[in-house]
Amino acid sequence: MDPTMSHGQWLLVTLTAGTGGSMRAIGSAAGVALMGTARGTYTFEAHLKWTPLIALGYVLSILCHLVLNKAVM
């Protein structure tokens with residue numbers, strides 16, 4: 001595959017793919033490992049209460065990328 005994308009677009013793809021999976025506790029290796037080692041302390045319900053803050057950080061990271069890398073987009 002050789003899609004025509006700028007360097008900035010590739011950076012955005014890697015940012016969203018790498019951090020997007022971490023927004024869900026299930027589906028990210030770190031989330032599964034944390035829930036496995038902190039059994040009973042960190043549960044899926046405990047993770048859900050942080051969803052708005054995690055989503056805000058995700059959106060802000062994309063906006064920061066767009067501002068900082070607008071020259072390569």
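This is a predicted model: local features need pLDDT of at least 70, side-chain atom pairs count only at pLDDT 80 or more; totals for chains, interfaces and linings use all residues.
**Reading the labels around His 65**

Q: What makes Leu 68 exposed?
A: Leu 68 also lies in helix 4, but its relative accessibility is 69%, and therefore Leu 68 counts as exposed. The C-alpha atoms of Leu 68 and Gly 8 are separated by 9.9 Å, although the two residues are 60 apart along the chain.

Q: How do you know which residues His 65 touches?
A: Contact is assigned where heavy atoms come within 4.5 Å. Not counting residues up to four places away in sequence, His 65 touches Gly 8, Leu 11, Leu 12, Leu 15, Lys 70 and Met 73.

Q: Which backbone oxygen does the side chain of His 65 reach, and what makes that a polar contact?
A: The side chain of His 65 reaches the backbone oxygen of Gly 8 at 3.2 Å. A polar contact is a pair of N or O atoms within 3.5 Å where, within protein, one must be able to donate a hydrogen and the other to accept it, and residues adjacent in sequence count only if both atoms are side-chain atoms. The side chain of Ser 6 likewise reaches the backbone oxygen of Val 72, at 3.3 Å; Ser 6 lies in the segment before helix 1 (7-20).

Q: Why does Val 72 count as partly exposed?
A: Val 72, placed in the segment after helix 4, has a relative accessibility of 35% and therefore counts as partly exposed. Leaving aside its neighbours within four places in sequence, Val 72 is in contact with Ser 6, His 7 and Gly 8. Val 72 and Gln 9 are 63 residues apart in sequence and 8.1 Å apart in space, C-alpha to C-alpha.

Q: What makes Trp 50 partly exposed, and which residues form the nonpolar patch on the surface?
A: Trp 50 is found in the loop between helix 3 (44-48) and helix 4 (51-68), and at 43% relative accessibility it counts as partly exposed. The patch is formed by Trp 50, Leu 53, Leu 56, Val 59, Leu 60, Leu 63, Leu 66 and Met 73, with about 730 Å² of accessible area together.

Q: How many helices and strands does the protein chain have, and what is its average pLDDT?
A: There are four helices and zero strands, where helices (H or I, at least four residues) and strands (E, at least two) are DSSP runs numbered from the N terminus. The average pLDDT is 81, and 84% of the residues score at least 70, pLDDT being the predictor's confidence in each residue, from 0 to 100.

Technical notes. Residues are numbered from 1 along each chain as its sequence is written. Side-chain values use heavy atoms; hydrogens and water are left out. Patches are made of residues with over 30% relative accessible area and no salt bridge: like charges are joined within 9 Å, nonpolar side chains (Val, Leu, Ile, Met, Phe, Trp, Tyr) within 5 Å. Accessible areas come from the Shrake-Rupley method with a 1.4 Å probe; for residues, only the protein chains shown count as cover. A salt bridge is a side-chain nitrogen of Lys or Arg within 4 Å of a carboxyl oxygen of Asp or Glu. Buried means under 20% relative accessible area, exposed over 50%, partly exposed in between (1.4 Å probe, protein chains only).
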